[in-house]
Amino acid sequence: MNILIPIIIKRLGTAVITLLLVSAVVFSISNLLPGDAAQEMLGQSATPEAVAELREAYGLNDPPLTRYGKWLWGLVQGDAGVSLANAQPVSSLINERLSKSLLLAAFTTVVAVPFAMILGISAAMYSGSRIDRAINLFTLSMVAVPEFLLATIFVLIFAVELNWLPSLSYIAGDAGVYDYFRAFAMPVLTLCIVLSAQMARLTRAAVVEQLSQPYVEMALLKGSTLSRAVLRHALPNATGPIVNAVALSLSYLLGGVVIVEVIFNYPGLASLMVDAVTNRDMPLLQACAMLFCLGYLLLVLIADLAAIVANPKLRKGG
């Protein structure tokens, strides 16, 4: 395990450098958005004097490098600034929405991971059969379909035609289990289909590789059934690649959740970021973008560590 310590330190150093570069890109792109944040806050009827005074109060007249330095130093200290549209601390706005996005991601993970494992392992066990071809066709088709199209189809079917589920994911304060199920059904289903498809394909590749190893062939020659050989021999050795596949697939969830939250009007962090773009709320937009980047880097780090742990050469320092 000692060999993992310098590797982890190196990965963390790379992540810090990546975050620094991303912060510069996010700050630069957000400031290229058309419109004036101060004008957007005060409305079209605001006088030029009021707009100039507000710009001065929020430091919008400072040079870009000065504003970037202040913003970056504030992030390091845990202060993301004040929202221009709401006049509230950005951290408080994010805290209100972050738990809801994490809840949606948790529900999606709980459903998608077992479903993807079943699909991937089944396809690997019956590689080359009709079951394998059917699963491959399904997963390949779902990977190619964008989330907004799936979400729109589900709304037309389940909300408009069948009237089974609400088209908007609104959860009241006194909501029960059934209300949560109805609110989360379509967003989770939309995310799960694309996420499970990617995860299942990676899982199948990992298990198929193990099934071709001599120790699995020996187990089968000794009379072990295929399912027993997969569960007791192949699957434990494929754990590292599978964890790697799961972590990489979950990182894709961070992008898909933006589209899903907007379509279903889910009050999460992604919809908050879209609102920030609409309102030209630069501090809120920049903080949300950095938070998504941090989540992606953490999942990629987990995937890298899983691949390292699964590699005997790296575990032994060879």
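**Close-up views of a predicted model**

**View 1. A cluster of aromatic rings.** Phe27, Tyr68 and Trp71 are joined into a cluster by ring pairs, as seen in this model, which is predicted rather than determined by experiment. When the whole structure is searched, 7 aromatic pairs are found.

**View 2. The aromatic pair of Phe158 and Trp164.** The rings of Phe158 and Trp164 form a tilted aromatic pair, with 6.2 Å from centre to centre and 35° between the planes.

**View 3. The bend in helix H8.** Helix H8, which covers residues 177-211, contains 35 residues, yet the C-alpha atoms at its ends are only 42 Å apart, short of the 51 Å that a straight helix would reach at 1.5 Å a residue. Within H8, a kink of about 45° lies at Phe184, shortly before the proline Pro187.

**View 4. The second largest pocket and its lining.** The volume of the second largest pocket is about 390 Å³. Helix H5 (90-125), helix H11 (239-263) and helix H13 (282-309) are the elements that each give two or more residues to the lining of this pocket. The lining is made up of 17 residues, and those that lie nearest the centre of the pocket are Leu98, Leu102, Ala105, Leu254 and Gly295. Sorted by class, the lining of the second largest pocket holds 14 nonpolar and 3 polar residues, with no charged residues.

How values were computed. Residues numbered from 1 in each chain as written. Predicted model: local features only at pLDDT ≥ 70, side-chain atom pairs only at ≥ 80, totals over all residues. Heavy atoms only, no water. 1 Å grid on protein atoms, 1.4 Å probe; cavity = no way out; pocket = protein on both sides within 12 Å on 5 of 7 lines; lining within 4 Å. Points joined across faces, edges and corners; volume = space filled by probe spheres on them. Helix = DSSP H or I, 4+ residues; strand = E, 2+ residues; numbered from the N terminus. Nonpolar A, V, L, I, M, F, W, Y, C, P; charged D, E, K, R; others polar. Expected span 1.5 Å × (residues − 1). Bend = angle between axes of the 7 residues up to and from the residue. Phe/Tyr/Trp six-rings, centres within 6.5 Å; stacked < 30°, edge-to-face > 60°.
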